[in-house]
Amino acid sequence: MKKALLYFLLGTVLSFLINYFFYSSENIGLDIYYAIAFGFAWGVAYYLDTPNFTLPQKLGLSFLAMGILVLVGTLIFNLELAIPSVLKFSTVFVAYYLIASFRANKTLRD
């Protein structure tokens, strides 16, 4: 769990810094929200990267995480601005498991 939080924090900070310095956005709150979505994806992917979770459980928990992102984003901003957070989340989630698939043990935990 500690490493999952570390992945979340590092992903959030790196994503925010890249967006802040290379893409000049007019809404800093939205940049922070998207950075949190990015970090959340790395943290959840790492947390679920264990044989303790079955594939249906991983899918269900990832959809729950995306639902939480949409709900929070809709409450803070609006639905149009919340949807890109799901795209960021799913892209990072798929990238994590794609990278893991190249390893012999199919995980990034070891």
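This is a predicted model: local features need pLDDT of at least 70, side-chain atom pairs count only at pLDDT 80 or more; totals for chains, interfaces and linings use all residues.

User: Is Ser85 buried or exposed?

Analyst: The general idea is a cut-off on relative accessible area: under 20% is buried, over 50% exposed, and in between partly exposed, using a 1.4 Å probe and protein chains only. Ser85 counts as buried because its relative accessibility is 0%.

User: And what is Ser85 in contact with?

Analyst: Contact means heavy atoms within 4.5 Å. Skipping neighbours within four places in sequence, Ser85 has Tyr33, Tyr34, Ala37 and Leu69 as contacts.

User: How do I read a crossing, say where α3 meets α4?

Analyst: Angles under 35 degrees are called roughly parallel, over 145 roughly antiparallel, 65 to 115 roughly perpendicular, and the rest oblique. For α3 and α4, the axes come within 8 Å and cross at roughly 155°. That makes the two, α3 and α4, roughly antiparallel. As for handedness, a crossing is right-handed if the near helix is turned clockwise from the far one by less than a right angle, and left-handed if anticlockwise. The α3 and α4 crossing is right-handed. Residues meeting there include Leu69 and Gly73 in α3, and Ser85 and Phe89 in α4.

User: What residue classes make up the contact of α3 with α4?

Analyst: The scheme counts Ala, Val, Leu, Ile, Met, Phe, Trp, Tyr, Cys and Pro as nonpolar, Asp, Glu, Lys and Arg as charged, and the others, Gly among them, as polar. By that scheme, the contact of α3 with α4 has 10 nonpolar, 5 polar and 1 charged residues.

User: At what angle do α2 and α3 cross?

Analyst: Helix α2 (residues 28–48) and helix α3 (residues 55–76) cross at roughly 165°, with axes that come within 11 Å. So α2 and α3 are roughly antiparallel to each other, and their crossing is right-handed. Among the contact residues are Tyr33, Ala37 and Phe40 of α2, plus Leu61, Ala65 and Leu69 of α3. Sorted by class, the α2 contact with α3 has 10 nonpolar, 2 polar and 1 charged residues.

User: What does Thr12 touch?

Analyst: Thr12 lies in helix α1 and, at 14% relative accessibility, counts as buried. Not counting residues up to four places away in sequence, Thr12 touches Ala35, Ile36, Gly39 and Phe40. Ser15 is also found in helix α1, residues 2–22. With a relative accessible area of 10%, Ser15 is buried, and beyond neighbours within four places in sequence, Ser15 is in contact with Tyr34, Ala35 and Phe38.

User: Where does UniProt place the "transmembrane region" feature?

Analyst: UniProt's unreviewed entry puts that feature at residues 5–22, 28–48, 60–79 and 85–104. Such annotations may be inferred rather than shown by experiment; their positions use the numbering used here and feature names are shortened. In the model, residues 28–48 are 100% helix and 0% strand, with end C-alpha atoms 30 Å apart.

Key
Residues are numbered from 1 along each chain as its sequence is written. Side-chain values use heavy atoms; hydrogens and water are left out. Helices (H or I, at least four residues) and strands (E, at least two) are DSSP runs, numbered from the N terminus. Axes are lines fitted to C-alpha atoms, for helices over the stretch in contact, and angles run from 0 to 180 degrees between N-to-C directions.
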